[in-house]
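Please keep the sequence and the structure in view while reading.

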Amino acid sequence: QFYNLVDIAIVGHVLGDEAFAAVGATRSILNLFFGLAYGVPNGFSVVIARFFGAKEYAKMKKAVAMSVLIGIMICVFLSAIGLMVMDSLLVFLSTPDEIMVNAKTYIYIVIGFLVVTMTYNVLAAVLRAIGNTTMPLVFLIISCVLNIGLDFLFVAGFGFGVAGAAYATVISQAISAVLCFIYLIKKCPLLAVSKEDFQLDWEIIRELLASGL
């Protein structure tokens, strides 16, 4: 929500009322997609936390690997569906014709890179599952600050328009995902999954889907 609010504020300040309205018109749709990208991984974390608490580390790593796979598949599905129906959604929400092009530009970029949002949320959920709630928040704060700077750089500095605000959001979220990944590799050896962990385990997949969906 903060990403979108910052984008709206900076776009409105730099580009004017029409651009402000265009990005603002996408907010309710993005909240739906971001809510799914946040809620599903949090459900996965329940299963991972249970294995962690029981010291079943082999199953925990398998659950982490399956969470990543399922998260990517769900994200690809959501992005594909979102891009196919986005025009209809914007029309259904009575988006004015004069801001439709900018609204489409912004939301197509953000939804097209929804995998970045999902990746951060899956990795953050894994950290929270083992009791580390601080670092995901730290990475998110860093990402939000970067988003502000990139918004000004792309929109005001480079003149990329509303597309610049969208790319700023995507890049800042990607950086938060990379930071999470590096932290997991360096500081959480228990979560270091191997190639074998990515072999499908239908029992764990069922548990994750039941918890996440």
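Helices α4, α6 and α8 each supply at least two residues of the lining of the second largest pocket. Helices here are DSSP runs of H or I with at least four residues, numbered from the N terminus. The largest share of this lining, three residues, comes from α8. The model is a predicted one, in which local features need pLDDT of at least 70, side-chain atom pairs count only at pLDDT 80 or more, and totals for chains, interfaces and linings use all residues. Residues are numbered from 1 along each chain as its sequence is written, and side-chain values use heavy atoms, with hydrogens and water left out.

A pocket is defined on a 1 Å grid over the protein atoms alone, as an open set of points where a 1.4 Å probe fits, with protein on both sides within 12 Å along at least five of seven lines; lining residues have an atom within 4 Å of a point. The second largest pocket holds about 200 Å³ of space, a volume being the space filled by probe spheres set on the points, which are joined across faces, edges and corners. Among the residues that line this pocket are Val 64, Leu 123, Phe 181, Cys 188 and Phe 198. The lining divides into 12 nonpolar residues, no polar and no charged. In this division Ala, Val, Leu, Ile, Met, Phe, Trp, Tyr, Cys and Pro count as nonpolar, Asp, Glu, Lys and Arg as charged, and the others, Gly among them, as polar.

The largest pocket holds about 390 Å³. Its lining has 18 residues, of which Gln 1, Tyr 3, Tyr 38, Asn 121 and Leu 140 lie nearest the centre. Nine of the lining residues are nonpolar, eight polar and one charged. At least two residues of this lining come from each of α1 (2-15), α3 (27-53), α6 (114-129), α7 and α8 (162-187).

Asn 147 is placed in helix α7, residues 134-157. Its relative accessible area is 0%, and therefore Asn 147 is buried; buried means under 20%, exposed over 50%, and partly exposed in between, with a 1.4 Å probe and protein chains only. Leaving aside residues up to four places away in sequence, Asn 147 touches Tyr 3, Val 6, Asp 7, Ala 168, Thr 169 and Ser 172, where contact means heavy atoms within 4.5 Å. A polar atom of the Asn 147 side chain lies 3.3 Å from the backbone nitrogen of Thr 169.

How many disulfides does the structure hold? There are zero, a disulfide being a pair of cysteine sulfur atoms within 2.5 Å. Cys 180 is in no disulfide, and the nearest cysteine sulfur, that of Cys 188, is 9.5 Å away. Cys 180 counts as buried because its relative accessibility is 0%, and Cys 188 counts as buried at 8%.

Thr 95 lies in the loop between α4 (57-92) and α5. With a relative accessibility of 8%, Thr 95 counts as buried. A polar atom of the Thr 95 side chain is 2.7 Å from the backbone oxygen of Leu 90. Beyond residues up to four places away in sequence, Thr 95 touches Ala 25, Leu 90, Met 100 and Ala 103.

Helix α5, residues 97-112, contains Lys 104. Lys 104 counts as partly exposed because its relative accessibility is 24%. Not counting residues up to four places away in sequence, Lys 104 touches Asp 87 and Leu 90.

Conventions:
Polar contact = N/O pair within 3.5 Å; in protein donor to acceptor, adjacent residues only side chain to side chain.
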